[in-house]
Each structure stands twice: as structure tokens, then as C-alpha cells.
Amino acid sequence: MNHAEKTVAMPLDLPLQAEGQVLSIDATGSVQVLIEGRRWHGQRAASCLLTPQVDDRVLMCRAGEQLWLLAVLVRSQPQQAAELHCEGELTLSTSQKLTLRSPQFQLAAQHGDCQIDELNYRGEKVALWVSLSRLFGQRCESVWESLSQISHHLLRRTTHTEQVRAGQLDIKTSQLTRLRAPTTLISSEALTRVDGKQIHMG
């Protein structure tokens, strides 16, 4: 058996802290680390949030007869994606400003809850694909240079007053246009014109 592949049994004769190279990681979090030509088994400490990878240089610490991986010192592939992982809930808290900067940002979750007292968003483009959207509020204001809306069915209900102010208003339907109200008023200052093959009034 090669001396570098020898598995050392307890008790440990390592110093309190030692630097080594990760050889393997199993699903339970147990790691094998090569330290000065010998293999050692240890567990990843909860404080080591950065998930170690094979060939990373790590810091091992002895507590009694247990070896703990405390930190990743040097990554074998610095450009490889890094992962921060913990088994329970994770909270980032600061008394001042929290800033995230990245060329790309991705967020994946089964459920989300966002509570912000005031939000300002500036960007070039927003695209949303959703199955159901609900918006509730007391007041909505929007200003657009151009607005296009396409739908199969559109229902708009106003309980009080609805007003439209437009330079020109063009309404065209392929089948039927119907206006119904207890009182209907149509007025114009210059011209009122009604065209049709048949016009029924009354």
C-alpha cells in the first residue's frame, strides 16, 4: 500500500491545526484530507459555509479525537462556481446598507415573500411569464410613451366614474359594438355622423 493512501486510525497525532488537500467528500459531509502524505477523516464544521471541493486547500482542526474542516484556504479552481450551504435557515443581517453586485443575478425558490416599505427600480427591460397575477392597492399611476395590450378576454369594471381623454379615439370591432345605459348622451361641437346599411332608432 502506498504511504500516501494510508488511512490513519484514532487517536490522532496531528497538531491542533493543520493545512491539507481535500481528497473526497461523501453525502454525509465527511471529508478525506491529505496532510503531509497521510489521509485523515474529518467532518465539515458548521461555520465553514463555503462548500469545499476536491483538491481545495483547507484548514483542519483537532478537537479531542475529532477532526473538523474549519475553512477553505485556497480553491483548486478559483473560477469554479462557489456554494454557500447550511442545513438550516440562513439570515443575512446588517445595521447599514446591504449591496449585491454581479454581472448576472439568478434567484430560484419554491415560495417567496418580499416586504419592502419603498422600492425604486431602474432598468432597461423587464419580462414576466406567470400563470396568475393579482395586484391589490389603493392607487395606481403609470406613464408610458407607448402602450400595447393583447388578450383573448378583457373585463374591466368601474364602480364609480371612468373618464377617457384622447386626441383621437378609434374603436373597431369585427362583430358587434353595443352601448347600453339608462341615459346615453352623444355630443360634438362640429359634426356627428352615423353611417350604416341599416340604421334603427327607437
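Among contacts in the chain (heavy atoms within 4.5 Å) between residues at least 6 apart in sequence, 53% join residues at least 24 apart. The structure is a predicted model, in which local features need pLDDT of at least 70 and side-chain atom pairs count only at pLDDT 80 or more, whereas totals for chains, interfaces and linings use all residues. Residues are numbered from 1 along each chain as its sequence is written, and side-chain values use heavy atoms, with hydrogens and water left out.

With helices (H or I, at least four residues) and strands (E, at least two) taken as DSSP runs numbered from the N terminus, the chain has five strands and zero helices, and its elements run β-β-β-β-β from the N terminus on. The radius of gyration of the chain, taken over C-alpha atoms, is 34 Å, which is well over the 17 Å given by the globule rule for 202 residues, so the chain is more spread out than a compact globule; the rule itself is 2.2 Å times the number of residues to the power 0.38. Along the principal axes, the C-alpha atoms of the chain fill a box of roughly 105 × 40 × 30 Å.

Buried residues (under 20% relative accessible area, with exposed meaning over 50% and partly exposed in between, for a 1.4 Å probe and protein chains only) make up 12% of the 202 residues in the chain. The chain exposes about 20500 Å², of which carbon and sulfur atoms supply 50%; accessible areas come from the Shrake-Rupley method with a 1.4 Å probe, and for residues only the protein chains shown count as cover. As for charge, the chain has 21 positive and 21 negative side chains, and the centres of the two sets lie 11 Å apart. In this count Lys and Arg are positive and Asp and Glu negative, while His and the chain ends are not counted, and the place of a charge is taken as NZ of Lys, CZ of Arg, CG of Asp or CD of Glu.

Glutamine 32 lies in strand 2, which spans residues 30-35, and it counts as buried because its relative accessibility is 19%. Its side chain makes a polar contact with the side chain of arginine 39 at 2.7 Å, a polar contact being a pair of N or O atoms within 3.5 Å, of which, within protein, one must be able to donate a hydrogen and the other to accept it, and for which residues adjacent in sequence count only if both atoms are side-chain atoms. When its neighbours within four places in sequence are left aside, glutamine 32 is in contact with Gln21, Val22, Leu23, Ser24, Arg39, Trp40 and His41.

Glutamate 36 is found in the loop between strand 2 and strand 3 (38-44) and counts as exposed at 79% relative accessibility. Aspartate 55, by contrast, is partly exposed, with a relative accessible area of 40%, and is found in the loop between strand 3 and strand 4 (57-63). The loop between strand 3 and strand 4 also holds alanine 46, which counts as exposed at 72% relative accessibility; its C-alpha atom is separated by 8.7 Å from that of glutamate 87, 41 residues apart along the chain.

The segment after strand 5 (66-74) includes lysine 97, which counts as exposed at 71% relative accessibility. Lysine 97 and alanine 71 are 26 residues apart in sequence and, C-alpha to C-alpha, 27 Å apart in space. Serine 133 is likewise found in the segment after strand 5 and counts as exposed, at 53% relative accessibility. The C-alpha atoms of serine 133 and serine 24 are separated by 46 Å, the two residues being 109 residues apart along the chain.
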